[in-house]
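This briefing sets out selected features of one protein model.

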Amino acid sequence: MLLKLSDVQLRFAGNTVLHDVNFGVAESALTSLIGPNGAGKTSLFNCITGFYKPQGGSVVFDGHELLRLKPHRVTKLGIARTFQNLRLFREMTVLENVMAGMHCRTHAGAFAAVFRTPGQRREEAEIRAEAEDCLRFVGILDEKDRIATTLAYGHQRRVEIARALATRPKLMLLDEPAAGLNSGEKDELIGLIRRIRDERGVAVLLIEHDMGLVMKVSERITVLDHGRLIAEGTADEVRRDPKVIEAYLGQEEGEAAL
Ligand SMILES: Nc1ncnc2c1ncn2[C@@H]1O[C@H](COP(=O)(O)OP(=O)(O)OP(=O)(O)O)[C@@H](O)[C@H]1O
Ligand SMILES: [Mg+2]
């Protein structure tokens, strides 16, 4: 297992958001994490990435315990994420947004940054080239000099994915990347997620409400409901599971697609 969560417990002011969650992601796997609104999916991502500090359990990634690490340390170990609500830097171009995500990998210290040593200039050129490569990979290189927040919404989502890719992750966490996309854009996203895994060898853990997309792209699906894992398996196994059907009753979006 590339990522292994054991007995992860998260509470806020007496409200238990995650109850002893046990969950794993295999190397280079395409896995989805689904569940009704408020199930705890984003909170789980926040526990993995160091944004939340769970009260109990462990999160081991590639041999490292992540639970006490700050978010930038987690990024450096090889986990990148995108956010449910876009978090692009305003006033920055598309290219600058992607380059900003790569500072976790730079070596130049404060001295080099002020005096712009040859080493630092070389490093910046390399970073720029790699950021451009990531933008080419997600298909928006021709928009690199535009202010990121002026792009069409679907393309802003791709900037976030390029920024995540540029950190050279082993695992990418995508939090509802299809939200707000039309059906053509969703098909392109499916292709992009597959290429991230097939061409870059990156494992993907996807949170998504669009069940059609989830069923098409996932090798394994894990279902969370009220902070507990209630099912785990292939798309066919999960969609037939009575516990899953019950969790989604009344949730039109999920129910219709299961
Ligand atoms: N920082 C926080 N403080 C207090 N409660 C929180 C916090 N973060 C999450 N919660 C609570 O945890 C529960 C799960 O929220 P979370 O955002 O993880 O759900 P989700 O599965 O991502 O839902 P959605 O599909 O709507 O995005 C909710 O009841 C939420 O109010
Ligand atoms: Mg969420």
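Which domains does the domain assignment of the protein chain give? The assignment gives domain 1, residues 1-78, and domain 2, residues 89-169. The model described here is predicted.

**Domains**
- Between the C-alpha centres of domain 1 and domain 2 there is a distance of 27 Å.

**Nonpolar core**
- The largest nonpolar core holds 68 residues, and the members that touch the most others are Val98 and Val204.
- This core lies between domain 1 (1-78) and domain 2 (89-169), because both of them give residues to it.
- When neighbours within four places in sequence are left aside, the contacts of Val98 are Ala131, Cys134, Leu135, Val159, Ala162, Arg163 and Ala166.

**Positive phi at Ala13**
- Ala13 has a phi near 45 degrees, which is a positive value in a residue other than glycine.
- The loop that contains Ala13 runs between β1 (3-12) and β2 (15-25).
- Ala13 has 4 other C-beta atoms within 10 Å, and a residue with 12 or fewer is exposed, so Ala13 is exposed.

**Positive phi at Asp20**
- Asp20, also a residue other than glycine, has a positive phi, near 40 degrees.
- Asp20 belongs to strand β2.
- Is Asp20 counted as buried, partly exposed or exposed? Asp20 counts as partly exposed because it has 15 C-beta neighbours inside 10 Å, a count between the limits of 12 or fewer for exposed and 20 or more for buried.

Technical notes
Residues are numbered from 1 along each chain as its sequence is written. Chains are lettered from A and ligands numbered from 1 in the order in which they are written. This is a predicted model: local features need pLDDT of at least 70, side-chain atom pairs count only at pLDDT 80 or more; totals for chains, interfaces and linings use all residues. A nonpolar core is a set of buried Ala, Val, Leu, Ile, Met, Phe, Trp, Tyr and Cys residues joined through C-beta atoms within 7 Å. Domain bounds come from an automatic or database domain assignment. Two residues are in contact if their C-beta atoms, placed from the backbone, lie within 7 Å. Helices (H or I, at least four residues) and strands (E, at least two) are DSSP runs, numbered from the N terminus.
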